[in-house]
Amino acid sequence: MSHFHHFVFVLLLSFGLSSSFTWVPNPFRTQYVRIVNNLNNELLDCHCKSADNDLGLKTLQPKGEWEFSFRPNFQGTTLFYCYFFKGSFHAAFDVYVATYKWKWACGGDHCIWIVQEGGFYLYQIQKDENVKKHDWEKKI
């Protein structure tokens, strides 16, 4: 390897280990988002997107789940959001944001969203519990 490549490698490694940088996005580490339909015998429609990827409309059966994976961009700006629909209710919110706070809330590389009649819960691996994050909205 050339001296320049060694220098860049050492520089990146030092930023990753530095206490001033609590989390550096890793474009080589795959991230996962899982949507779990825990509605009472109802279908769940969801449509997830990022600035670069439209994952299309998915219909989840009761007790069904769907997972997608991706690698965050190096700039740390990756964001996925989803639109959810069931009967006369809907919701829209971010399901993944490339930040340290978000990774902690998800418990690492897996963000697991549990959809229930009472709203949307993010499973927190550290506490082994579902934490309510969003409510359903009535369609007008």
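Predicted model: local features only at pLDDT ≥ 70, side-chain atom pairs only at ≥ 80, totals over all residues.
Local features need pLDDT of at least 70 and side-chain atom pairs count only at pLDDT 80 or more, while totals for chains, interfaces and linings use all residues. Residues are numbered from 1 along each chain as its sequence is written, and side-chain values use heavy atoms, without hydrogens and water.

The chain has a mean pLDDT (the predictor's confidence in each residue, from 0 to 100) of 84, and 80% of its residues reach 70 or more. Over residues 4–25 pLDDT stays under 50, and the model has 16 contacts (heavy atoms within 4.5 Å) beyond four places in sequence for them.

Strands are DSSP runs of E with at least two residues, numbered from the N terminus, and two strands pair if DSSP finds at least two bridges between them. Five strands, in the order E4-E1-E7-E8-E9, form an open sheet with mixed pairing. Strands E4 and E9 stand at the edges with a single partner strand each, so one side of each is left without a neighbour in the sheet. From one strand to the next, the twist averages 25°, an angle between N-to-C directions, from 0 to 180 degrees, of lines fitted to C-alpha atoms.

| Strand | Residues |
|---|---|
| E1 | 31–37 |
| E4 | 65–70 |
| E7 | 110–116 |
| E8 | 119–124 |
| E9 | 129–134 |

Strands E1 and E7 run parallel and are joined by 6 bridges. Tyr32 has His110 in E7 as its bridge partner.

Gln124 lies in strand E8. Its relative accessibility is 4%, so Gln124 counts as buried (under 20% relative accessible area, with a 1.4 Å probe and protein chains only; exposed is over 50%, partly exposed in between). Beyond its neighbours within four places in sequence, Gln124 contacts Trp104, Ala105, Glu129 and Val131.

Note on methods:
Helix = DSSP H or I, 4+ residues; strand = E, 2+ residues; numbered from the N terminus.
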